[in-house]
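Trainee: I would like to go through this chain term by term. Can we set each value against its cut-off?

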Amino acid sequence: AQLDEMEAALDEAERLRRLPDHQRGRRGLQAWRALTQGKKEQGYRELLSLLEEHPGMSAQGVTDDDDLLNFQGLEGAFSDEGFHTWLRKQKPAKKKGKELDKGLLLAAGLDAQPFFGPGFEGNSRTGRVLALVALGADLAAGDSRKQGVLHLAAMVDDAALARELLRPRVS
């Protein structure tokens with residue numbers, strides 16, 4: 001019911017005046033619908049599919065709100081602890097190439113450049129990193145300066161992501 005109310009409010013707001021925030025709201029609404037309607041696992045798979053299609057999504061620096069690489073609006077769904085728990089149980093796919101690794105580095109903190117410092121509220125970075133690892137990204141990937149995901153998480157002051165990266169992995 002709350003999601004329906006949110007959608008009605010977005011519809012009304014768009015009739016009054018179209019703003020970039022509306023598209024972010026629609027992305028978030030779609031993601032929450034996936035998580036709350038039907039089977040949770042199906043919603044989790046939908047979120048994972050979205051990231052698989054667009055591994056280079058970025059929470060910063062994408063100016064066009066309709067751009068498929070704009071992560072804004074999805075932070076809440078990717079912060080969902082149930083999603084994180086489900087992702088931890090997934091067997092990582094075999095390494096699938098550089099695009100996933102680039103997306104992993106963005107998710108770990110590169111998308112915050114040049115704003116290095118405290119990151120976003122919630123644990124959306126953790127959700128993005130866990131999802132990209134499940135899709136086959138390499139946790140040992142490094143950026144052009146050989147900084148890995150843990151280093152990037154520390155640079156953006158994301159303690160939750162740093163804790164996740166230090167968590168023992170079951171093979």
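**Values against cut-offs**

Mentor: Start where helix α6 ends. Glycine 109 follows α6, and its phi is positive, near 155 degrees. Keep in mind that this is a predicted model.

Trainee: How many helices and strands does the chain have?

Mentor: Nine helices and zero strands. Of the 171 residues, 43% count as buried.

Trainee: What makes aspartate 101 count as buried?

Mentor: Buried means under 20% relative accessible area. Aspartate 101 has 6% relative accessibility, so it counts as buried. This residue is found in helix α6. Leaving out residues up to four places away in sequence, aspartate 101 touches Lys95, Ala137, Asp138 and Ala141.

Trainee: Which other residues of α6 are buried?

Mentor: Among them are Leu100, Gly103, Leu104 and Leu105. The buried residues of α6 pack against α7 (124–135), α8 (149–155) and α9 (159–166).

Trainee: Why are α3 and α5 called roughly perpendicular?

Mentor: The range for that term is 65 to 115 degrees. Helix α3 (residues 40–53) and helix α5 (residues 81–89) pack at about 80 degrees, with their axes 10 Å apart. Therefore α3 and α5 are roughly perpendicular to each other.

Trainee: Which residues make that contact?

Mentor: From α3, Glu41, Tyr44, Arg45, Leu47 and Leu48. From α5, Gly82, Phe83, Trp86 and Leu87. They divide into six nonpolar, one polar and two charged.

Trainee: How do you know that arginine 88 forms a salt bridge with glutamate 164?

Mentor: The cut-off is a side-chain nitrogen of Lys or Arg within 4 Å of a carboxyl oxygen of Asp or Glu. For arginine 88 and glutamate 164, the closest N and O atoms are 2.8 Å apart. Arginine 88 lies in α5 and glutamate 164 in α9, so the pair ties together parts that are 76 residues apart in sequence.

Trainee: Are these two partners buried or partly exposed?

Mentor: One of each. Arginine 88, at 27% relative accessibility, counts as partly exposed. Glutamate 164, at 4%, counts as buried.

Trainee: What about glutamate 99 and lysine 102?

Mentor: Their N to O distance is 3.6 Å, and their side chains meet in a salt bridge. They are three residues apart in α6, so about one helical turn separates them.

Trainee: Which residues are linked in a network of salt bridges?

Mentor: Glu81, Arg88, Glu164 and Arg167. Within it, arginine 167 meets glutamate 164 at 3.5 Å, N to O. The structure holds six salt bridges.

Note on methods
Residues numbered from 1 in each chain as written. Predicted model: local features only at pLDDT ≥ 70, side-chain atom pairs only at ≥ 80, totals over all residues. Heavy atoms only, no water. Helix = DSSP H or I, 4+ residues; strand = E, 2+ residues; numbered from the N terminus. Buried < 20%, exposed > 50% of the residue type's maximum accessible area, 1.4 Å probe, protein only. Axes fitted to C-alpha atoms, helices over the stretch in contact; angles between N-to-C directions. Parallel < 35°, antiparallel > 145°, perpendicular 65-115°, else oblique. Contact = heavy atoms within 4.5 Å. Nonpolar A, V, L, I, M, F, W, Y, C, P; charged D, E, K, R; others polar.
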